[in-house]
Amino acid sequence: MKGLYTALMCSFDEKGNVNEKGLREIVRYNIDVQQVDGLYVNGSTGENFLISKEQKKQIFDVVKNEAGDDVKLIAQVGALNLDEAVELAQYATNLGYNAISAVTPFYYKFDFDEIKDYYNTILDSVDNDLIIYSIPALTGVNMNLEQFGELFENEKVIGVKFTAPDFFLLERIRHAYPDKLIYSGFDEMLLSASVLNVDGAIGSTFNVNGRRAKQIFELAQNGQIGEARELQKVTNDLIAAILDNGLYPTIKEILKVQGVDAGYCRKPMKALDAAGVKQAKQIAERHL
Ligand code: SI3
């Protein structure tokens with residue numbers, strides 16, 4: 001399960017329905033052109049928190065059907081409605097997803113016992129492994145080393161997707177839990193995390209920059225830090241430009257430049273205006 005995983009985009013039509021043909025093209029582009037090791041399905045980048053349970057299942061179906069066993073597949077099933085999270089975990093497991101992942105429960109201020117119960121409830125319902133999805137900036141859930149340790153006590157919790165700029169905590173987790181998988185979550189910090197010996201990374205920009213990200217990761221693993229730093233600089237020029245123009249719509253527009261029918265984002269995310277579309281095309285020309 002080590003390696004580089006694309007946090008997969010989903011193609012939606014103007015009404016917000018899943019565009020299956022476009023989704024298949026995104027899957028193939030990531031596997032065949034970006035050559036990533038795996039796909040992280042229905043994460044933040046997949047606009048998971050904006051879609052219905054039925055759409056989540058539809059996306060799990062289409063991605064598994066298109067990817068087959070070509071790459072590893074991780075299904076993000078976390079939801080505030082725990083019954084839904086359990087149902088999705090079972091659904092993805094039955095489809096053959098290699099692991100599930102669940103975002104920490106958010107919005108309400110759950111205490112740690114509640115968070116632990118959430119993960120154990122999901123895991124008790126399936127014969128599959130789980131990767132914790134920690135993204136404090138969006139969830140407001142900041143877990144410390146001891147709390148990660150408590151969650152790791154469940155053997156089916158095999159790792160964490162660590163989307164935070166706290167490299168002190170990252171190093172402490174790496175040191176304390178050498179057998180758990182740690183995936184870096186911020187693409188612009190991939191090199192810094194790789195130096196701390198993470199096992200892989202999961203990122204949105206890998207949809208269009210996966211090959212370069214993989215090079216950064218491999219160079220760092222080989223101790224070629226100077227070369228890795230050069231590539232991280234080029235990558236960060238790209239990421240800065242994407243963030244400036246609007247993260248997900250810009251990645252979709254860049255995919256379209258590559259001939260991939262990436263469709264629209266779900267409302268309330270807004271579409272790029274004409275200037276934004278032009279800018280996205282220029283970003284593709286200048287930075288890819
Ligand atoms: O679940 C997911 O889609 C992710 O893996 C998210 C991933 O951590 C991305 N974070 C967000 C909020 O989109 C990053 O890849 C991020 O887009 C990138 O580092 C640019 O900041």
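**Two annotated positions, Ile 202 and Thr 45**

Visitor: Which residues is Ile 202 in contact with, leaving aside its neighbours within four places in sequence?

Guide: The model is predicted: local features need pLDDT of at least 70, side-chain atom pairs count only at pLDDT 80 or more, and totals for chains, interfaces and linings use all residues. Residues are numbered from 1 along each chain as its sequence is written. Two residues are in contact if their C-beta atoms, placed from the backbone, lie within 7 Å. With those sequence neighbours set aside, the contacts of Ile 202 are Tyr 5, Ala 7, Tyr 40, Lys 161, Tyr 183 and Gly 185.

Visitor: Is Ile 202 buried or exposed?

Guide: Ile 202 belongs to strand β8, residues 200-203 (a DSSP run of E, at least two residues). A residue is buried with 20 or more other C-beta atoms, placed from the backbone, within 10 Å of its own, exposed with 12 or fewer, and partly exposed in between. Because Ile 202 has 30 C-beta neighbours inside 10 Å, it counts as buried.

Visitor: What is the largest C-alpha distance for the residues UniProt lists under "binding site"?

Guide: The unreviewed UniProt entry lists Thr 45 and Ile 202; such annotations may be inferred rather than shown by experiment. Although spread over 158 residues of sequence, they cluster in space, the largest C-alpha distance being 10.4 Å.

Visitor: Which residues does Thr 45 touch, not counting those up to four places away in sequence?

Guide: Thr 45 is located in the loop between β2 (38-41) and α2 (53-67). It counts as buried because 23 C-beta neighbours lie inside 10 Å. Beyond four places in sequence, Thr 45 touches Ala 7, Leu 8, Met 9, Ser 204 and Tyr 248.

How values were computed:
Helices (H or I, at least four residues) and strands (E, at least two) are DSSP runs, numbered from the N terminus.
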